[in-house]
Structure formats: C-alpha cells, structure tokens
Amino acid sequence: MYFAALLARTEDGWEASDTELDDVETLSDLADLAREASAEDDTVLVLIEQEDAWFGVVRIDGEDDPRIYVSDAAAAARSSYGEILLTDELLGREPGDDDVADLDSLDLDGTEDGEPDDADDDDDDGASAESVPHSPVGDAEILDDLGVTAKELRNLDEDALSAIAEALGASEVLETVR
C-alpha cells in the first residue's frame with residue numbers, strides 16, 4: 001500500500017495535502033505538482049512510502065532542481081512511484097547505461113538467438129535490477145536544516161514519514177491527510 005503527501009512550508013507552519021500520483025510520470029511532473037502546492041517559492045516536501053518496503057523524500061525549493069532521498073533503491077525500483085524518483089543521476093549512471101548493462105549481461109555462449117541460461121530465467125529485470133543497490137540513495141542531508149540529520153534519516157524504517165513529520169513539527173497536519 002502506498003501513501004503520498006505534500007508538505008508545504010508557509011509563514012504559519014506546514015500545510016499538508018494528500019496527493020494522487022497516478023498522473024505523474026516523471027520527476028519533472030512531480031516537481032511541478034509540488035510547486036503548485038506552494039503559493040510562493042517556499043519549501044515543499046513530497047513524502048512517498050510503500051508500507052514496510054521503502055520511503056522517499058523529494059524536496060523542492062522554489063525553482064531549484066528537486067533534491068531526492070530514497071531509503072531502499074532496489075525496493076523502490078520495483079515500484080512505479082519509486083521509478084519516478086530513481087533517475088540515472090541519482091543512481092550514478094549515465095543516461096542509456098541500462099542498454100549497455102543489458103548487452104554486457106547477455107551470455108553469448110552460442111545458444112540459439114541469445115537465449116539466456118536457465119539460471120537467468122529467474123531474473124525478469126536483467127542487469128538493471130542488479131545495478132540498483134539495496135541501500136539508501138540520494139541526498140541524505142535533504143532535511144538537515146529542518147531538523148532531521150542524515151544519520152537520523154538513514155536510520156528510519158517503519159513509519160518513517162511520521163517520524164519525519166514529527167521532527168518538522170508537522171505530525172498533526174500529516175495525520176489529517178493520512
């Protein structure tokens with residue numbers, strides 16, 4: 001089960017809104033959605049979580065590029081919402097590296113038409129799944145100035161979004177949209 005919310009910082013504190021990500025296909029779409037939630041160029045946080053699997057934080061400050069943190073890249077890669085956050089840059093790849101990795105992973109041992117070995121049948125994602133780490137990726141210092149240190153962020157697990165909201169002083173407004 002997924003949960004996604006926007007937290008927009010205003011002069012009066014944080015405002016939360018439940019958000020639907022069905023129409024969001026790219027990180028740029030997500031950033032535009034977040035910017036619409038803020039009347040000015042205030043900080044907006046997009047909080048996304050898949051229960052017991054991973055969570056992500058996207059921070060948009062005005063027109064600056066989004067900053068992203070994902071708690072478990074491999075788990076997020078298996079999610080349509082996670083795929084939005086896992087850009088080539090975030091994963092340390094050059095655009096198009098997936099194609100090269102897939103070619104490198106082919107076992108060209110003379111099998112007809114490049115059929116994979118039986119051992120490869122279990123891996124539907126090919127080399128791309130192997131290239132995504134089972135660890136946090138992104139900007140762990142994304143919330144440092146808001147009261148959540150990089151170390152604290154990396155140590156969050158279950159109910160991470162509630163812990164983040166509590167540290168920001170926004171737990172009540174987040175709970176209203178949960």
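Visitor: How many bridges join strand 3 to strand 4, and do the two run parallel or antiparallel?

Guide: In this predicted model, strand 3 and strand 4 run antiparallel, with eight bridges between them. To read such a pairing, pick a residue and look across to its partner. Take Glu49: its bridge partner in strand 4 is Phe55.

Visitor: Which strand pairs with strand 4 over four bridges?

Guide: That's strand 5, and this pairing is antiparallel too. Here you can follow Val58, whose bridge partner in strand 5 is Ile68. The hairpin of strand 4 and strand 5 has five residues between the strands, and Gly62 has the positive phi near 60°.

Visitor: How many residues of strand 4 are buried?

Guide: Seven of the eight, so the strand is mostly covered, going by the cut-off of under 20% relative accessible area for a buried residue.

Visitor: Now the nonpolar core. Which residues have the most contacts inside the largest one?

Guide: Start with the size: the largest nonpolar core has 29 residues. The ones with the most contacts inside it are Leu30, Val46, Ile48, Val58, Val70, Leu85 and Leu86. Next, check which elements contribute. Strand 1, helix 1, strand 3, strand 4, strand 5, helix 2 and helix 3 each supply at least two residues of this core. There's also a second, separate core of 24 residues, and Trp14, Leu47, Ala165 and Leu174 are among its members.

Visitor: Which residues does Val46 touch?

Guide: Leave out residues up to four places away in sequence, and Val46 touches Ala5, Leu6, Leu30, Ala34, Gly56, Val57, Val58 and Ile60.

Visitor: What about Thr43: is it buried or exposed?

Guide: Thr43, which lies in strand 3, is buried, with a relative accessible area of 6%. Its side chain makes a polar contact of 2.5 Å with that of Asp61. Setting aside neighbours within four places in sequence, the residues in contact with Thr43 include Leu7, Trp14 and Arg59.

Visitor: How many salt bridges does a search of the whole structure find?

Guide: Eight. For each one, ask which residues meet, then where they sit along the chain. The side chains of Arg35 and Glu63 meet at 3.9 Å, N to O. Arg35 lies in helix 1 and Glu63 in the loop between strand 4 and strand 5, so this pair ties together parts 28 residues apart in sequence. Glu63 is exposed, at 64% relative accessible area.

Visitor: Which residue forms a salt bridge with Glu49?

Guide: Arg178, with 3.1 Å from N to O. Glu49 is in strand 3 while Arg178 is in the segment after helix 8, so the pair links parts that are 129 residues apart in sequence.

How values were computed
Residues numbered from 1 in each chain as written. Predicted model: local features only at pLDDT ≥ 70, side-chain atom pairs only at ≥ 80, totals over all residues. Heavy atoms only, no water. Salt bridge = Lys/Arg side-chain N within 4 Å of Asp/Glu carboxyl O. Buried < 20%, exposed > 50% of the residue type's maximum accessible area, 1.4 Å probe, protein only. Polar contact = N/O pair within 3.5 Å; in protein donor to acceptor, adjacent residues only side chain to side chain. Contact = heavy atoms within 4.5 Å. Core = buried A, V, L, I, M, F, W, Y, C linked by side-chain atoms within 4.5 Å. Pairing = 2+ DSSP bridges.
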